[in-house]
Amino acid sequence: LGSWPMPLAIYWRTPEGQMLPDQARQRIADGLGLLGTACGKLGDEAQGEEVLRLAVQYAQDGSSAGKIFLRLGTMFLEGSRHGEAIGPLRRANALADGDKDVLSEVMPALMSAYMKRGKPVSAFAVLLEAEAAGLSAKVLKTQRGLIHERLGAKAKKWRKLVSQASAAGA
């Protein structure tokens, strides 16, 4: 499968490639997503990134796009490229469109990336968004602990202020 990306990259630049029906583009994107992830897992992160970026081009904003961005962000996280992981993970989050299965993977990864970049307030914002989306406490447990440990009393104070404001507005 390693020989697929080059012809697919060339094909994408042709008029025929640009006019592919959405279903075909999504299927190609899914295949490239699997190939890119496999490359990364087998130690060729540069090739994996290249393949996943091609998958993004095929997926555009279609049904496969969120999963492709999640794969790319996860690969960056696993390669200790935490800052680079944030962009694809945020895009995956935006494309999840409330799908709890996708969100339960994206949001903890995004919180982890923010924490590893020293941005606990951003991680806390994602945690609040995840709780509002109804993700289970089990999924969020590890990240919640790390965020609260880092923010300490500030996180508790924020929650108290928000609960008071919502009680006053109700």
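Select arginine 81 to begin: with a relative accessible area of 23%, this residue is partly exposed (buried means under 20% relative accessible area, exposed over 50% and partly exposed in between, with a 1.4 Å probe and protein chains only). The model is predicted, so local features need pLDDT of at least 70 and side-chain atom pairs count only at pLDDT 80 or more, whereas totals for chains, interfaces and linings use all residues. Residues are numbered from 1 along each chain as its sequence is written, and side-chain values use heavy atoms, with hydrogens and water left out.

**Stop 1**

Helices are DSSP runs of H or I with at least four residues, strands are runs of E with at least two, and both are numbered from the N terminus. Glutamate 49 counts as buried, at 16% relative accessibility.

Next, select glutamate 45, which also forms a salt bridge with arginine 81, the closest N and O atoms being 2.8 Å apart. This pair links distant parts of the chain, with glutamate 45 in helix α4 and arginine 81 in the loop between α5 (65-78) and α6 (82-95), 36 residues apart. Glutamate 45 is partly exposed, with a relative accessible area of 22%.

The whole structure holds 8 salt bridges.

**Stop 2**

Move to aspartate 22 and arginine 25, whose salt bridge has its closest N and O atoms 2.9 Å apart. The two residues are separated by about one helical turn, because they are 3 residues apart in helix α3. Aspartate 22 is partly exposed at a relative accessible area of 39%, whereas arginine 25 is buried at 10%.

**Stop 2: tryptophan 12**

From arginine 25, go to tryptophan 12; the C-alpha atoms of these residues, 13 residues apart along the chain, are separated by 9.7 Å. Tryptophan 12 is in helix α1 and is buried, with a relative accessible area of 8%. Leaving aside neighbours within four places in sequence, tryptophan 12 is in contact (heavy atoms within 4.5 Å) with Gly17, Gln18, Arg25, Gln57, Tyr58 and Gln60.

How many aromatic pairs does the structure hold? There is 1. Tryptophan 12 and tyrosine 58 form this tilted pair, with 4.6 Å centre to centre and 50 degrees between the planes. Rings of Phe, Tyr and Trp (its six-membered ring) pair if their centres lie within 6.5 Å; planes under 30 degrees apart count as stacked, over 60 as edge-to-face and the rest as tilted. The pair links tryptophan 12 in helix α1 to tyrosine 58 in helix α4, 46 residues apart.

**Stop 3: the two faces of helix α1**

Select residues 5-12, helix α1, and highlight the buried residues Pro5, Leu8, Ala9 and Trp12. They cover an arc of only 105 degrees around the axis, which puts them on the same side of α1; the arc is that of the directions from the helix axis to the C-beta atoms. These buried residues pack against α2 (15-18), α3 (22-41) and α4 (45-59). The face turned away from the buried side carries the exposed residues Met6 and Ile10.

Technical notes. A salt bridge is a side-chain nitrogen of Lys or Arg within 4 Å of a carboxyl oxygen of Asp or Glu.
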